[in-house]
Amino acid sequence: AKEKKDQQQATPKPNEAADKQIIYKNSQYGFTFTLPDTWQGYTIVSEKWEGLAIGSQEITATGPVLSIRHPQWTKENPRQDIPIMIFTLAQWQDLQQEKFHIGAAPMGPSELGRSDKFVFALPARYNYAFPTGYEEVENILAAKPLKPIE
């Protein structure tokens, strides 16, 4: 009987997993992104994407890329970031119509979510080097963690 009691105590409460999440909120672009508690202490790295005219090196569009960086990331042991490209609706439409392209990958970014102002997307081949933690990032992305704030 004692063994059974111990097993019951070890069973997590149904909402306990939900309590162990971190919500990154970006008010500037209007979205939240849910992370597991192992990302406590994450940082945001701001960069920019560049859209090149088809058949040329001319930059015809740019926009922000916000990368969520794991707290254990170091220069010596980089981990997989979660890059979020931000497009205006017009830029996204131009990209879909192949008015410009981003990077050398034959496919474009994949949509993570959208608001009435922006499309949030994951760069093509963001994890091509398979750095430490890429499987965890794939699992995070599979849970559809990005939610627009309306």
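Begin with the whole chain in view: among contacts (heavy atoms within 4.5 Å) between residues at least 6 apart in sequence, 55% join residues at least 24 apart. What you are looking at is a predicted model, in which local features need pLDDT of at least 70 and side-chain atom pairs count only at pLDDT 80 or more, while totals for chains, interfaces and linings use all residues. Residues are numbered from 1 along each chain as its sequence is written, and side-chain values use heavy atoms, with hydrogens and water left out.

Now switch to a cartoon display, where the protein shows 4 helices and 9 strands; these are DSSP runs numbered from the N terminus, with helices being H or I of at least four residues and strands being E of at least two. Followed along the sequence, the pattern reads α-α-β-β-β-β-β-α-β-β-β-α-β.

A surface display comes next, and the protein exposes about 9600 Å², of which carbon and sulfur atoms supply 51%; such areas come from the Shrake-Rupley method with a 1.4 Å probe, and for residues only the protein chains shown count as cover. Of the 150 residues, 35% count as buried, where buried means under 20% relative accessible area, exposed over 50%, and partly exposed in between (1.4 Å probe, protein chains only).

To look inside, select Phe31, Phe33, Ile68, Ile82, Ile84, Ile86 and Phe120, which have the most contacts within the largest nonpolar core, a group of 20 residues. A nonpolar core is a set of buried Ala, Val, Leu, Ile, Met, Phe, Trp, Tyr and Cys residues joined through side-chain atoms within 4.5 Å. The elements giving two or more residues to this core include strand S2 (31–36), strand S5 (82–88) and helix H4 (134–142). A second, separate core has 11 residues, including Phe87, Trp92, Phe100 and Val119.

Which residues is Ile82 in contact with, leaving aside its neighbours within four places in sequence? Centre the view on Ile82, and you will find Phe33, Leu35, Trp39, Leu66, Ser67, Ile68, Val137, Ile140 and Leu141.

Turn next to the open sheet of 3 strands, in the order S1-S2-S9 with antiparallel pairing; two strands pair if DSSP finds at least two bridges between them. S1 and strand S9 (146–148) stand at the edges with a single partner strand each, so one side of each is left without a neighbour in the sheet. Between S1 and S2, which run antiparallel, there are 6 bridges, and selecting Gln21 shows it standing opposite Pro36 in S2.

The last stop is the charged side chains, among which the count comes to 5 salt bridges, each being a side-chain nitrogen of Lys or Arg within 4 Å of a carboxyl oxygen of Asp or Glu. Select Arg79 and Glu136, whose closest N and O atoms are 3.7 Å apart in a salt bridge. Arg79 lies in the loop between S4 and S5 and Glu136 in helix H4, so the pair ties together parts that are 57 residues apart in sequence. Arg79 is buried, with a relative accessible area of 15%, whereas Glu136 is partly exposed at 22%. Then select Asp94 and Lys99, whose side chains meet in a salt bridge of 3.5 Å, N to O. Finish with Arg114 and Glu111, a salt bridge whose closest N and O atoms are 2.9 Å apart; Arg114 is partly exposed, with a relative accessible area of 39%, and Glu111 is partly exposed at 38%.
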